[in-house]
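Work through the exercises below with the coordinates open. Each one sets a task and then gives a solution in steps.

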Amino acid sequence: MEAQRIKVPPVMLIEVEDSMDLMLARNTARRAASLLGFNTASRAQIAGAVASLVSIILNAGEQQVIHLHGLRQGVTTGLQIRCEAPWLASASPENAALALKTKLGSMVDEAVLVAGDPPSIEMVLWRSEARSMPRKTAP
Amino acid sequence: MAYEVLLVEDSPTQAHQIRETLEGVGLLVRVVGDGPDAVREAMTHPPHLIVLDVNLPSMDGYQVCRRLKRNPSTRDIPVIMLTEHASPKETMTGLQAGADDYIPKDIFAGEHLLDTLRELGLIE
């Protein structure tokens, strides 16, 4: 049986209203990833995923809040990125899910459209050994 | 001991700004302005870190990074790409080329650069 997913700190919010929020969003994403112990390359990857989500929101002509929080499943830690996606309410779930995977799938481990009123976009990047901060040693 | 950084940047203005940031935290900085020089310099005088722009004459930063990471004598040198090309696709291209970090040149660039230097053990 798969271990239950538990929401853990940090919990951060990014308000997306216009393109000026892109820089702040990337910065917030990097900080959240750093607090969760992701290495520098994975922080850049997460910042890229959040930047993609900001673009999706702005291209849809929306203003939304992106929620970032830690996730624990058994001994594995990850970062979840989530936002409501009311503009996808009338889209075919299969097509929307496929579009998300195409747009975001290379940057995260999971990119799904969660049914609901409104539906939500959820992404997760898990912190594997290769994505973890190395122990500090001078070069 | 002061750690050495090879800064690969073709814009003298930006090179000056980045150099000031790096020297301000006690690092020794050498600057080269294009990709082939960067690869040559990294092989002949391996630095502790390479800070690499993407937009370079004759060979772009992604190509430079791939060459450095393919070469056994340079592949362990950390590479930070510092760039105006900050789309998610470009970020992934940089990371897939082997960069250890990909930092957009925005108002947070200095802060992120210093965080990464700390992480790499190059500064306190």
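This is a predicted model: local features need pLDDT of at least 70, side-chain atom pairs count only at pLDDT 80 or more; totals for chains, interfaces and linings use all residues.

**Exercise 1. Classify the packing of helix 1 against helix 2 in chain A.**

Solution. Step one: the two axes come within 8 Å and cross at roughly 140°. Step two: helix 1 of chain A and helix 2 of chain A are therefore oblique to each other. The crossing is right-handed.
Step three: list the contact. Helix 1 of chain A contributes A:L22, A:A25, A:R26, A:A29, A:R30, A:A33 and A:S34, which meet A:R43, A:A44, A:I46, A:A47, A:V50, A:A51 and A:V54 of helix 2 of chain A. By class, this contact has 10 nonpolar, 1 polar and 3 charged residues.

**Exercise 2. Repeat the analysis for helix 2 and helix 3 of chain A.**

Solution. Step one: helix 2 of chain A and helix 3 (residues 93-104) of chain A pack at about 135°, with their axes 10 Å apart. Step two: that angle makes helix 2 of chain A oblique to helix 3 of chain A. Helix 2 of chain A passes helix 3 of chain A in a right-handed crossing.
Step three: A:A49, A:S52, A:L53 and A:I56 of helix 2 of chain A make the contact with A:L100, A:K103 and A:L104 of helix 3 of chain A. These residues divide into 5 nonpolar, 1 polar and 1 charged.

**Exercise 3. Determine how helix 2 of chain A is oriented relative to helix 4 of chain B.**

Solution. Step one: the axes of helix 2 (residues 40-59) of chain A and helix 4 (residues 88-96) of chain B come within 9 Å and cross at roughly 160°. Step two: angles over 145 degrees count as roughly antiparallel, and helix 2 of chain A and helix 4 of chain B are therefore roughly antiparallel. The crossing is left-handed.
Step three: on the chain A side the contact has A:A41, A:A44, A:Q45, A:G48, A:A51 and A:S52, and on the chain B side B:P88, B:T91, B:M92 and B:L95. The contact residues comprise 6 nonpolar, 4 polar and no charged.

**Exercise 4. Describe the interface of chain A and chain B and its salt bridges.**

Solution. Step one: 21 residues of chain A are in contact with 24 residues of chain B. The area buried between the chains is about 1,800 Å², of which carbon and sulfur atoms give 61%.
Step two: over all chains, a search of the whole structure finds 13 salt bridges. Across the interface of chain A and chain B there are 3.
Step three: inspect two pairs. B:D101 forms a salt bridge with A:R30, the closest N and O atoms being 2.7 Å apart. This pair runs from strand 5 (residues 101-104) of chain B to helix 1 (residues 21-35) of chain A. B:D106 forms a salt bridge with A:R26, with the closest N and O atoms 3.2 Å apart.

Notes: Residues are numbered from 1 along each chain as its sequence is written. Chains are lettered from A and ligands numbered from 1 in the order in which they are written. Side-chain values use heavy atoms; hydrogens and water are left out. Axes are lines fitted to C-alpha atoms, for helices over the stretch in contact, and angles run from 0 to 180 degrees between N-to-C directions. Helices (H or I, at least four residues) and strands (E, at least two) are DSSP runs, numbered from the N terminus. Angles under 35 degrees count as roughly parallel, over 145 as roughly antiparallel, 65 to 115 as roughly perpendicular and the rest as oblique. A crossing is left-handed if the near helix is turned anticlockwise from the far one by less than a right angle, and right-handed if clockwise. Contact means heavy atoms within 4.5 Å. Ala, Val, Leu, Ile, Met, Phe, Trp, Tyr, Cys and Pro count as nonpolar, Asp, Glu, Lys and Arg as charged, and the others, Gly among them, as polar. Buried area is the accessible area (1.4 Å probe) that two parts lose on being put together, summed over both. A salt bridge is a side-chain nitrogen of Lys or Arg within 4 Å of a carboxyl oxygen of Asp or Glu.
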